[in-house]
Amino acid sequence: GRGLFHRARHQQHCIMPASSSKAAAAKKAALQGTHGKGNRKIRTSVVFHRPKTLRLARDPKYPRRSAPKASQLDQYTVIVHPLTTESAMKKIEENNTLVFIVDKRANKPQIKSAVNKLYDIGVSRVNTLIRPDGLKKAFVRLSPDHDALDVANKIGII
């Protein structure tokens with residue numbers, strides 16, 4: 001009996017063989033933890049700035065709008081109607097200019113292309129103003145090879 005007891009006590013004090021050193025390391029890691037000593041970063045500023053993290057670009061799985069918006073100002077919406085007042089008639093006769101009421105959102109190039117498409121006539125310049133009642137008036141000067149009187153007759157103003 002005594003010999004076994006002494007042998008067991010002796011093995012506790014002796015250095016363990018190489019095969020069980022892995023087990024000893026695991027035991028030590030389990031008891032003490034592996035993150036015992038970590039160096040603390042030296043802070044150089046008194047304000048804390050949240051760290052910049054990864055920001056991924058958007059990767060949509062489907063388009064949010066099923067079809068692209070069609071342009072709402074086509075030639076039929078741009079030109080509302082021609083103006084037939086006395087002053088407009090005078091412009092037609094003397095200045096080779098047609099006068100239209102146009103959509104308020106239309107700009108001069110849009111008005112020019114709309115007149116060109118609707119009546120196939122060359123336009124030399126467009127002047128616009130917004131009337132006190134809120135409508136936009138466009139003075140469309142025709143190119144010298146077109147006569148405003150003929151075009152006005154064709155449209156049906158005169």
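**Reading the terms in a predicted model**

Me: What is the accessible surface of the protein chain, and which share belongs to carbon and sulfur atoms?
Reply: The accessible surface of the protein chain is about 13400 Å², and carbon and sulfur atoms hold 54% of that area. The model is predicted.

Me: How many helices and strands does the protein chain have?
Reply: The protein chain has 6 helices and 4 strands. Read from the N terminus, their order is α-α-α-β-α-β-α-β-β-α.

Me: Why is Asp103 called buried?
Reply: The relative accessibility of Asp103 is 14%. The cut-off for buried is under 20%, and therefore Asp103 counts as buried. Of the 158 residues in the protein chain, 23% are buried.

Me: Why is Arg105 called exposed?
Reply: Arg105 has a relative accessible area of 54%. A residue is exposed when this value is over 50%, so Arg105 is exposed.

Me: What makes the contact of Asp103 with Arg105 a salt bridge?
Reply: The side chains of Asp103 and Arg105 meet with N to O at 3.1 Å. The limit is within 4 Å, between a side-chain nitrogen of Lys or Arg and a carboxyl oxygen of Asp or Glu. The pair is therefore a salt bridge.

Me: How many salt bridges does the structure hold?
Reply: The structure holds 3 salt bridges. One of them joins the side chains of Lys61 and Asp59 at 3.2 Å, N to O, and both Lys61 and Asp59 are exposed. Another joins Asp133 and Arg131, whose closest N and O atoms are 2.8 Å apart.

Me: Why is Arg131 called partly exposed?
Reply: Arg131 has a relative accessible area of 23%. Partly exposed lies between the buried limit of under 20% and the exposed limit of over 50%, so Arg131 is partly exposed.

Me: Why is His81 called partly exposed?
Reply: His81, in strand β1 (residues 79-82), has a relative accessible area of 35%. Leaving aside residues up to four places away in sequence, His81 touches Phe100 and Ile101.

Me: How do you know that β3 and β4 pair?
Reply: Two strands pair when at least two bridges are found between them. Strand β3 (residues 123-130) and strand β4 (residues 136-142) have 7 bridges in the antiparallel sense, so they pair. Val126 has Val140 in β4 as its bridge partner. The hairpin of β3 and β4 has 5 residues between the strands, and Gly134 there takes a positive phi near 95°.

Terms used. Residues numbered from 1 in each chain as written. Predicted model: local features only at pLDDT ≥ 70, side-chain atom pairs only at ≥ 80, totals over all residues. Heavy atoms only, no water. Helix = DSSP H or I, 4+ residues; strand = E, 2+ residues; numbered from the N terminus. Buried < 20%, exposed > 50% of the residue type's maximum accessible area, 1.4 Å probe, protein only. Areas by Shrake-Rupley, 256 points an atom, 1.4 Å probe, with all protein chains shown as cover. Contact = heavy atoms within 4.5 Å.
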